[in-house]
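Hi everyone, thanks for coming along. Let me put the model on the screen, and then we can walk through it together.

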Amino acid sequence: MRLDIRYRMHFRYSQPVRESQNEVRVRPRDDETQRVLSSRLTTDPPTQVFSGLDYWGTAVDHVGVRTLHPSLELVAETSVETSPRPARAPDAPVDGLSDPGFRSTHFEFLVPSEHVRWQTGDGVAERAAVAARGAGSVPELLAAMVAEVRGTLRYESDTTDIGVTLGELLAGEVGVCQDFAHLTIGMLRCVGVPARYVSGYLFATDETAAGEETADVVSVQTHAWIEAAVPGAGWWALDPTNGGAVGERHVVIGYGRDYSDVPPVRGAFMGGASAEVDAEVVIGRSPVTEAQPLPGSPSSPRTVVPDLPPVKPQPASGPGQQQQ
């Protein structure tokens with residue numbers, strides 16, 4: 001499946017700022033299930049963009065504006081070709097999770113991290129232990145944990161922020177995709193399953209629905225799901241928000257311990273201004289083609305991704321920062 005993705009972020013400052021510096025993580029990665037055909041990031045005010053990879057292998061575009069500016073607009077355009085995920089390996093026994101070599105290799109994804117922490121009395125470890133009872137294999141354990149989270153949380157937009165704890169999620173019983181991902185990761189780590197956070201795009205009108213998408217163009221936000229390490233079988237992807245399979249409609253931006261390792265934008269600006277930001281993603285589905293020019297080139301057959309509609313501005317989460 002070929003997907004043409006246009007992601008626009010618009011930062012508005014209450015008064016002009018002297019300088020802003022941002023790290024942008026919105027460009028899909030190249031791996032065995034997806035291939036980036038073309039990608040570009042444009043800015044207003046115009047500035048040079050420096051690109052590289054971070055510790056986790058995620059593409060990072062560094063954007064700095066050193067002149068006085070009242071706003072900053074970033075537009076990322078990417079064409080990516082996705083493929084079906086390979087078939088999963090036979091069931092792996094739960095005993096493999098305790099292998100010292102396996103635990104050492106995946107240590108970073110077994111311990112608490114900034115947004116995936118649990119403590120005595122918050123119910124996370126207890127709920128995880130109950131859900132894990134009776135699982136005879138790692139795949140059964142993964143399915144049980146996703147079912148537990150989906151039975152606990154109800155998807156509801158604008159109900160949480162990025163600082164919500166796992167205990168608060170259990171108590172409130174509502175959240176968005178990053179909350180479903182964080183709670184699932186935390187519960188898996190509690191029972192010894194290495195789990196990591198995945199940031200990306202989902203080609204779906206409704207990210208809570210697991211069925212096929214019938215529209216050719218959708219207007220969405222970035223999406224989050226998880227991957228769990230299975231002994232002898234590598235990383236398995238699961239989407240706790242909709243309970244469906246992770247496949248061609250999912251486009252990976254990057255991986256990390258939690259959201260803090262793969263935020264779409266992290267940055268700061270100089271000045272006494274406050275900031276508001278709006279952001280939205282439009283994804284169009286196109287026939288697969290071998291052509292590889294930049295999106296928008298006349299020689300590149302593609303779905304026309306329309307201009308993004310106006311989005312109600314929201315307060316920025318911090319100086320120059322934008323969250324999913």
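This is a predicted model: local features need pLDDT of at least 70, side-chain atom pairs count only at pLDDT 80 or more; totals for chains, interfaces and linings use all residues.

How many of the eight residues of β11 are buried? Eight of the eight are, so β11 is largely enclosed by the rest of the structure.

Now the partners of β11. With β9, the pairing is antiparallel over six bridges, and Arg-196 stands opposite Glu-227 in β11. With β12, the strands again run antiparallel, joined by five bridges. Here Ala-228 has Trp-236 in β12 as its bridge partner. β11 and β12 form a hairpin with three residues between them, and Gly-232 in the turn has a positive phi of about 80°.

Back to the helices, please. α3 and α5 pack at an angle of about 135°, with their axes 10 Å apart. The two helices are therefore oblique to each other, and α3 passes α5 in a right-handed crossing. Which residues meet there? From α3 we have Leu-142, Met-145, Val-146, Glu-148, Val-149 and Arg-150, and from α5 we have Phe-180, Leu-183, Thr-184, Met-187 and Leu-188.

α3 also packs against α2, at an angle of about 130° and with the axes 9 Å apart. That angle makes α2 oblique to α3. This crossing, of α2 past α3, is right-handed. On the α2 side, the residues involved are Arg-127, Ala-128, Ala-131 and Ala-132; they meet Leu-141, Ala-144, Met-145, Glu-148 and Thr-152 in α3.

Let's zoom in on α2 itself, residues 124–132. Which of its residues are buried? They include Val-124 and Ala-128, along with Ala-131 and Ala-132. These four cover an arc of only 95° around the axis, which puts them on the same side of α2. And what covers them? The cover includes α3 (138–152), α4 (166–172) and α5 (177–190).

Just after α2 comes Gly-134, with a positive phi of about 85°. Is Ser-137 buried or exposed? Its relative accessibility is 4%, so Ser-137 counts as buried. Leaving aside neighbours within four places in sequence, Ser-137 is in contact with Asp-91, Ala-92, Pro-93 and Val-94.

There is another sheet I'd like to show you. It is an open sheet of four strands in the order β4-β5-β2-β14, and its pairing is antiparallel. This time β4 (49–53) and β14 (265–270) stand at the edges, each with a single partner strand, so one side of each is left without a neighbour in the sheet. The twist in this sheet averages 15° from one strand to the next. β4 pairs with β5 (residues 59–65) in the antiparallel sense over five bridges, and Val-49 has Val-63 in β5 as its bridge partner.

Let me finish by zooming out to the whole chain. Its secondary structure comes to five helices and 16 strands. Of the 324 residues in the chain, 53% are buried. As for contacts with a separation of 6 or more, 79% are between residues 24 or more positions apart.

Note on methods: Residues are numbered from 1 along each chain as its sequence is written. Side-chain values use heavy atoms; hydrogens and water are left out. Buried means under 20% relative accessible area, exposed over 50%, partly exposed in between (1.4 Å probe, protein chains only). The arc is that of the directions from the helix axis to the C-beta atoms. Contact means heavy atoms within 4.5 Å. Two strands pair if DSSP finds at least two bridges between them. Axes are lines fitted to C-alpha atoms, for helices over the stretch in contact, and angles run from 0 to 180 degrees between N-to-C directions. Angles under 35 degrees count as roughly parallel, over 145 as roughly antiparallel, 65 to 115 as roughly perpendicular and the rest as oblique. A crossing is left-handed if the near helix is turned anticlockwise from the far one by less than a right angle, and right-handed if clockwise.
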